[in-house]
Structures are given as C-alpha cells and as structure tokens.
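Please read them with the sequence and the coordinates at hand.

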Amino acid sequence: MLKNFFKVAFRNLWRSKGFSAINIVGLAIGMASAIIILLWIQNEVSYDQFHEKKDRIYEAWNRSHFDGKLMCWSTTPKVLARTLEKDLPEVEQAVRVQWPNNYLFSIGDKRLTVEGRIVDSNFLQVFTFPLIKGNPKTVLNEPHSIVLTEKLAHKLFGNEDAMGKVIKLDNSDNFKVTGIVQDPPNNTRFDFEYLLPWSYLRERGEDDNYWGNNSTKTYVLLKPHASFASAQEKVKTLKQHYDDEAKKDNWQMFLYPINRWHLYSDFANGVENGNGNARITFVKLFGIVASFILLIACINFMNLSTARSEKRAKEVGIRKVVGARKTSLISQFIGESILLSFIAGIIAIIIVQLSMSGFNELTGKKLFIPYSNPYFWLSALAFVVFTGFLAGSYPAFFLSSFQPVKVLKGTFKKAHALITPRKVLVVLQFTFAVILIICTIIVKQQIDYAKDRASGYNKNNLIYHFITGDIGKNYMLIRNDLLTSGAASSVTKTSAPLTQSWSDGWGQEWEGKDPNDRTDFKRYNEDGGLGKTAGLQFVMGRDIDVQQYPTDSLAMILNESSLKIMKFKNPIGQIVKDNGQQWHVVGVIKDFILESPYDPTSPMLIYGPKAWFNVIHIKLNDKNSTAQNLKTAEAIFKKYNPEYPFEYKFTDEEYARKFEDEKRTGTLAGLFAGLTIFISCLGLFGLATYMAEARIKEIGVRKVLGASVTSVTALLSKDFVKLVLVSIFIATPIAWFAMHKWLQNYSYRINISWAVFVSAGLLAIVIALLTVSYQSIKAALANPSKSLRSE
C-alpha cells in the first residue's frame, strides 16, 4: 500500500514536471525565508535567557520628571549596589557593570586593543558565563586579576596555558590571568573579551558614593522565594532616603526583569511603550512576514493544484467507482503535498545555508543552523509536515469532493463565478506584495529625508582619535606638529565624538531661572577652536579661545535650544552655575545634531577647558590628499604615543551609522517584498500557463474568426490584472495605516504622499503583466490549425 502511494505520488510529480518545479521552487523559497526569519526571532526572544538564575535577576532603573515628561533610564549611581544589599532583605546580591572599556594589552612585543567590562567580583556568580578554568567565587577578588574569554586567550597566548600569565594594560598596570571563560553567546547584552574587578576601579580613584552620578548599570539577584512585589515597593523610594534632591523631585527607582530587557525596554511617559521602537514590535512584524511568505508559497500550491483539477478528475472518479473513500483520497493528496514539501524542505535548508552569511551581515547577527541539536530536526520535521498539510489541505478536500458520475460524464465543471477561492488566494498574495512595496518606498523616503537634514556642522575631512596612552600629556606637542606639518588646519580636544552624547545633567542655575525648571542639558566640553574645527555656526558671540582670552578656561557656549530655555535677552557675559562652578557665556551656536537625526535637537551646554576630555578632533588640510594627511598624522602620533596604534575614525562615516537601523529595516522590507513578488509571480506564471492550455481551442477559434494577437493577449491577461487592481485597493489603506503608525516614532518625519501608492500599484501591475504576457503572447501566436486539428 505504501509502495503504491509513493509510486502514484512520484508519477504525478513527474508527469507534470513544469508545475511540480514551480511548486517546489516556490515552496522552497517560502520555507527558506520562513526558516531564516524564525532563526532570527529565536535569537531575539532567547536574549539573556540562558542564565540559570534568570527568574531572580533584575536591572535597576530610574524614573523621574524632566522637561515635563516622566523619563526612565537604566544607568544608576555606583553606590546603589551595596545599598541594595544592605537595605533590602529580599536582595541576595547586587552587581555593577561598567560601560565597555578599551585597553591596550601588551604581552612582550604584542600589542592589542581589546574591549571588555569592569564588573563586581560576584558577576560570574549571578550570571551564567561558564568558566573553563578558575573559580567563579574568587577569580575577580584581587584588584589586578583578569578573566579572559577563550577566544582572547588563544589570540594572546596561542596554545599555551594562559592561567597565571601576566598582561600589561594601557602600558601601566600588570594583571594576572586568574580565569578563562567561555566566549559569550551571540544572544546576550554582555559582549566582552575580558573582565576586570571593580576593586581596580576603586584603586584608580574612579569609584564614588555620589547619588547624583548615574553612570553605571546595577543588576539585582533576589533571594529564592523572595517577594518581587515587596522588593519593588521598597526600592521605589530608596534613593529619596539618601538624596535630598531626589526626595524633593519625587525620584523613583524600579526593578526590571531580565525577560523584558531586550524586547520591551522602550519607555514613554514612565511605562513600557508597546507601540514604539521596542524590539518586540519588530519580532512580531518579522513573525507576520514569515507567516505570510510561507502562506503565499502554499497559496501557489493550492492554486495550481485546483487549477489542474480537470487533469486528475477522472482519476478521482475511477477511484471512487472502485470503492475508494473520501478519507483515503484526502490522505493520498495530502501525502503527495507533504512529499513535495519534504523535497522543498531539503532545498530550503541548502538555500538558508548559502544565504546565512549575507543575512548575518545585513542584520548584524551571528545566526547559524544548529545541525547537532535534535530539537532543531524535530522542529524542522514538524515545520515540513505543517507546510505540506497547509499547502495540500484545500486541494485535497477540493479534489476528493468530485462526484464520480459527473466526472466520468465530463459535466463536473462549474460555471465561472465572480468570486472563487482561487481568485481570493491570488488577491491575498498580491495584497501582501503591494504592502511590502509601499513600506519599502516609505522607509527609503524617511531615511533620505533625515539624511538631507542639515547636521549643523561640517563633517568633511574631519577625523577624531581617542586620548590614549601618552596623548594626554603630549597633546600640545601633537597639536603643534599636526598644524605646522600642514596635515591639519585645526585641532580641538573634546569630551566625546561629535556624533555621540556622553554626558547630560540638570540643576544648573542662571539668572531668571524658573524654580520648577527641570531641563536636562546635554554636556559637551572643548578646549577651544571647536567652531573652526567642526564648522559650527555662531549666531552670537565667539568661540572659546584661551590664548587670546585667558578667562575662557571657564567659558561656556550655548546652543539655540538652550537659549530658548534660559530666555537671556543678551546671553553674552551671563553666568551659568553648574556643579559649584561659575561659567560665563561667550557665544551662541546654531543647534547641531549630536544624537538621532530623526529627533529634535536637545538643549546643549559646551564647557571650556576647565573640564574633562576624551577625544581629539582633527580637521585635515584640504590642500593635501587625505592619504598624505593621514600618513603624516600617523607618524606624529607614533612619535609621541609609540606604544599605541593610530586608530582614527572619520566623522562622516560615524554620522552615517545613525541611519543603519532604518537602512536595515528598508533593506529587509525590500528583500521580503522581492521574495513575495517572486513567489507570487511563480504562481501567476503557472496559472497563466495552465489557463492558456485550457483555453487553447477557444484561442484557435478566435484567431480563425480574425482575432489579433493583441486582442487575444489582452483577453488572457485582463483577468489577472483585475485581481492585481483589487489587491492594490485592499493593500493601500493597510499600508498607509502601518507606515503612518511607524512614522509616529520619529519627531522629524515625512508626510506620506499619494504618489507612493500610485508608484507601488503601477509596479505591481507591470510585474503581473510581464509575468503573464509571455504565456499569453505564446498562446496568441500559436498556429490555430494545430489546436483545432481534433475538431
């Protein structure tokens, strides 16, 4: 029986090789698309879910009012961790994790800049990063101990045992390797190559007990069976007990569970914003896209199977006459579709493997097919069977419902109906394709709109270099050599790159300030000449210049947004107090984009040389080639900072990175639109081929009676075009609603134009016409004598 089943199934596949190929290719592409999207979704939902104590791990967050809004953020005071352990009986341990640090590693003649984290000594007891060597309770107990990842240990020491080896960091302090940890997986926020103990930070004098310094991440491990609700209530007003300012402002804190970190941590007015830019929105969207692409591939199978029902009608009739039951026929047809699905599944796995590297590059992921995981193969088997059942269910019930008497008499055909399941399925296919085309166009328009927005400074020939090693103490020598050599036209020290915000704060005082003002100002520092170096546009006053004006060490520059808040009629010479220091205003600049180009510019205060610095900005001399300038600059940096590599970054390239997420969204939308259109067109091509075959005698008669090739082509194409027009009509309001909602996430956004929908509609019609026209023209050009020979 089983042998007979496979024999019949393979015969049917082989008899209609063309249609079988269309079905297999369509299903394979649809399945491959769904698999690769599901791998991405699995990676997203599993973020930091591998920690053994995940049910008890939380992150400490702040909540307070600024600029009339209830804001939430996850950086906390360094003193919070020990306070939580002391004041909350529900807390078992608290862990601090600093922002990623880049240190120069020196082992003999080897030099390597590596990124890692400074953490509390109990980090590896709270989070599950298994140690290959070392004890998680003691590896970070000493200030000069260091834990390396397996990858970094091999990079530094090859096949030698790294344990006990000494590494010099930043050409100053020696560290002893006390542990080797497995490389972190690709689905964690803790991306590091080494771990340093918090006690080293304290040794350097960088630890503090100031409640106003929100500069580190704090994680909390609750005791087993401890009440989360109780801990949440107690932590709410914890800061107010230690900070009078927090009590006055009704400052609150809360604990945020680990299973919400990656997907839900987008807040609006103090609560999770489910409709905003939270990653769960994209996970749901990708899930819908995967489902629809797979459904479209299955629709192709349904359409082609039902369209070719006449070919198998007599088979069904004869089977029923000799005693076959409807259930056995349904089993036969569904079995055939599952067999075809298995063949498509094998091809899909090959497609996924071949396209994985490109998809990873596009999404910034490190996805892979877990061939060694038995659950993957069980899931794959279930996926293939489900796809085969989904694709074959409607054709199976449709074909098995034929009445043998009508079939064998040749009278089973139904009259043409206005609405048929096949037409509905074609409309559904193209509706989804048109929606994706519209989304792709609008995303691209939004990116271009933000790109065209004036940044407020000149990015051309502007590079920056972090202050590392001896650069700080040799800065004036480096600056002078860069200028006198002609490699640079201007050089300025700053607190951060021009494309990033590293500091903000509130509580500044000025004359006429509203007592209820809680404006959060962006803080930026320069040692003078930033206006020339970055091409800032002054609307009042001048740039900071200590050489000409010695008092400029305490000078300040406002941007226009700050001036609106401070309401100075004549800002030059006004005093602004911040952190116990008095700064005098010397200039006002036009707003420039420090953070997202999609958001309004924030109020900013630029402080003079009596501040802290991390970066050197260099305006390269445009009279020389860029390569020549960089070669000269490298020689100068090597002269004064020989132990460190010359690692510069172009400001324009860093600014372009601000558009990466939206570019990725647009590219993925375009990719999915292309796949959807391709799969839909495969089905359309198959239907057109069958329709041309089914109406070959009608076409012959029409040609004998004088019909032209154009009229016959139009006759065969118009029904498909009508279906595409219906799809456009349905897709337009859905796409408008979806993209209008998406655009609300951006303050600086486009208005959706009707031209987008016209363009998408015309494109869909042209694609449909090109798909069916080949078969239509081929049928119209056929010799009618051949098609009418049997009449």
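Predicted model: local features only at pLDDT ≥ 70, side-chain atom pairs only at ≥ 80, totals over all residues.

1. Leaving aside its neighbours within four places in sequence, K522 touches S501, S503 and D504 on one stretch of numbering, and L594, E595, S602, P603, M604 and L605 on another.

2. As to its setting, K522 belongs to strand β20, which covers residues 521–525. With a relative accessibility of 14%, K522 is classed as buried, because the class takes in values under 20%. One of its contacts is S501, which lies 21 residues away along the chain, with a separation of 7.1 Å between the two C-alpha atoms.

3. D48 has a positive phi of about 55°, and D48 sits in the loop that links α2 (17–45) to β1 (57–66). At a relative accessible area of 2%, D48 is buried.

4. N171 is placed in the loop between β9 (166–169) and β10 (173–181). Is N171 buried, partly exposed or exposed? Its relative accessible area of 35% makes N171 partly exposed, because that value falls between the 20% and 50% limits.

5. On the cysteines, the structure contains zero disulfides. C298 is buried, with a relative accessibility of 0%, and C439 also counts as buried, at 12%.

Terms used: Residues numbered from 1 in each chain as written. Heavy atoms only, no water. Disulfide = S-S within 2.5 Å. Buried < 20%, exposed > 50% of the residue type's maximum accessible area, 1.4 Å probe, protein only. Helix = DSSP H or I, 4+ residues; strand = E, 2+ residues; numbered from the N terminus. Contact = heavy atoms within 4.5 Å.
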